[in-house]
Amino acid sequence: MGQSLPIRPGKIIGVHINYPSRAAQRGRVPAYPGYFFKPATSVSASGTPIERPAGTELLAFEGEIALVIGTAARRVDPADAWTYVSGVTASNDFGVYDLRLADKGSNVRSKGGDGFTPLGPEVISAALIDPTNLRIRTWVNGAIVQEDTTAQLLFPFAQLVADLSQQLTLEPGDVILTGTPAGASVVRPGDVVEVEVDAPEAAGRPTTGRLVTPVVEGTTPIPSYSAPPAITDEQRADAWGSAEAAGLAPAFTLTAELKAKINSVGTATLSAQLRKHGYNAVTIDGLTSTRPDARLVGRARTLRYIAFREDLFAAHGGGYNAQKRSFDAVGPDDVIVIEARGERGTGTVGDILALRAQVRGAAGIVTDGGVRDLAAVTALAIPTYHAGPHPAVLGRRHVPWDTDLTITCGGAAVQPGDVIVGDADGVLVIPPFLVEEIVDDAIEQELEETFIAERVADGEKIDGLYPMNAQWKARFAQWRAKL
C-alpha cells in the first residue's frame with residue numbers, strides 16, 4: 001500500500017480471456033493469451049462517473065486486477081517476471097458492445113472512451129502478496145456479481161509480463177489488465193459499479209479498497225460521420241452474459257426432462273423418425289462403445305484433427321494444443337466429438353484425457369479414430385465410442401487442429417451444440433431445433449410398436465397390423481386412451 005497510482009500510463013494492455021469461469025461462459029479456452037490496447041486517456045479515478053454514450057445500450061463492466069509495472073521489462077523470463085511488477089490495483093475494463101462492429105476487433109471506440117478504465121483507489125505492493133492468492137470482487141448497486149481468485153488462472157501474471165516483454169518493452173507505470181471472471185454484464189445510467197482486489201490470506205489482509213464508478217447517460221449524439229451503434233442478438237448475449245439475461249428467447253437447453261424423454265426411446269426409433277423427417281445421414285457409423293450398456297445423451301463439443309505433417313505437428317501438436325483445450329473446456333452434458341477422418345492407425349484419446357472429461361462431468365466421447373489404453377478407458381464410467389484400439393500416440397497420424405467448429409465424424413456432419421444420442425445400436429446426431437418433435441414422435445412410435453408386439457404375442461397376423469391399417473389404428477386409439 002502507499003504506492004502512487006499511474007494517472008497517465010504509457011501503455012494499457014488488456015487480456016481477453018484468463019479466468020476459467022469466463023472461458024466456460026464464452027465456450028472457448030485459448031491456447032495463448034490474447035491482448036488489446038486501451039488509450040491512456042481512458043484512465044479515471046475512483047468516484048469519477050462513466051458516461052454511456054448517447055444512443056447506445058450495451059455498456060458492460062468487467063472487474064479486473066491491474067498490474068502496475070515498476071521496472072522496465074524486455075525479454076524477461078517467467079521465473080523472474082513478477083519482480084518487474086511494483087503493485088496491483090483494482091480496475092474496470094468498461095466497453096460498449098454497440099460500437100464493436102466498425103472496430104473489427106481493435107476495441108478502439110468500444111473500450112477506449114474517456115473514463116473507460118477506472119483504476120484504484122489504492123495500489124497493493126507486489127512484495128506483500130502472492131500473485132496466485134488474490135481475490136477480486138465486483139458489486140453493482142451493492143449486490144455482488146463477480147467473485148473469483150487468481151489460483152487457477154489460464155495464464156499466470158508472470159507469464160503475461162514475460163510474454164508481452166518478448167515483443168515490446170514494458171515501462172514503469174504501464175498497466176496490464178489481467179482479464180475478468182464470469183459475471184460481467186450490462187449496466188445502465190443510475191447504476192453504481194464497485195471493484196475491490198484484496199489478499200485475504202496475506203499478512204494485514206491488504207486491499208485496494210473499493211473502486212467506485214457511477215454510470216451516467218451521455219448527452220452528445222454520435223455524429224453522422226462516425227459509425228453508428230449496431231447491435232445484434234449475439235452481442236446482447238455476450239454483453240449480458242447469456243441470452244436469458246439479455247431478455248432474448250432462451251437458447252435450446254437440454255433439460256433433465258428432455259433428457260429423460262430422449263432416454264425413454266431407443267436410437268433405432270429415433271433414427272426411424274429422423275428418416276421420416278428427411279434426415280438420412282445423421283448416424284456416426286463404424287464405432288464401438290466402451291459402455292454398450294450405458295446410454296449417451298449430450299450436446300456436441302467438437303475437436304478436429306488433420307493428417308499428420310511434421311512441420312504442422314511441430315507447430316500445433318505440443319504445449320496446450322487443441323486436444324488439451326477441448327478436454328479442459330467440456331462440462332456437464334457435453335460430448336466431445338472428434339473428427340479423425342476414420343483413421344484407426346493411432347490413438348485419438350487415451351485414459352488420462354478420458355478421465356479428465358469424466359471429472360469435468362462430460363456425458364461421453366465419440367471419435368471415428370482409435371483409442372489408446374482401451375482397458376483403462378473401458379473401466380471409466382464415461383462411455384467412449386471409437387473405431388478400435390491402437391497403442392500409438394496421436395502424432396503418428398494426426399495433428400490436433402481446432403475446436404468447436406463443424407466437423408465430419410463417422411460420415412456424419414456434426415456442429416457444436418448438436419444433440420448426440422448413443423446406445424448399443426449406434427450414435428445419432430440430431431439438430432437441436434428438431435429434437436423435441438423427433439422425440440415426441442418417437443415416443444408415439446414406440447407406443448404403437450408396444451401395442452403391435454402385444455397383438456403379435458396374442459397370435460395376430462402381421463398383415464394389416466404392421467403397419468397398422470385403419471381398423472387396427474382405431475383399436476390402437478382405444479388401447480392408448482386407457483393408458
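## Pairing of strand E14

In this predicted model, strands E14 (residues 192–198) and E15 (residues 211–217) run antiparallel and are joined by 4 bridges; two strands count as paired if DSSP finds at least two bridges between them. Helices (H or I, at least four residues) and strands (E, at least two) are DSSP runs, numbered from the N terminus. Val193 has Thr213 in E15 as its bridge partner.

E14 also pairs with strand E10 (residues 135–140), in the antiparallel sense, over 6 bridges. Here Glu194 of E14 stands opposite Trp139. Of the 7 residues of E14, 6 are buried, where buried means under 20% relative accessible area, exposed over 50% and partly exposed in between (1.4 Å probe, protein chains only).

## Positive phi angles

Arg205, in the loop between E14 and E15, has a positive phi near 45° although it is a residue other than glycine. Arg205 is exposed, at a relative accessible area of 52%.

Asp373, likewise not a glycine, has a positive phi of about 55°. Asp373 is found in the loop between strand E22 (370–371) and helix H11 (374–379), and is partly exposed at 34% relative accessibility.

## Cis peptide bonds

The bond from Gly120 to Pro121 is cis, with omega near 0°; Pro121 lies in strand E9 (residues 117–125). The bond from Tyr466 to Pro467 is also cis, with omega near 0°, and Pro467 is found in the loop between helices H12 (435–457) and H13 (470–481).

## Basis of the values

Residues are numbered from 1 along each chain as its sequence is written, and side-chain values use heavy atoms, with hydrogens and water left out. As the model is predicted, local features need pLDDT of at least 70 and side-chain atom pairs count only at pLDDT 80 or more, whereas totals for chains, interfaces and linings use all residues.
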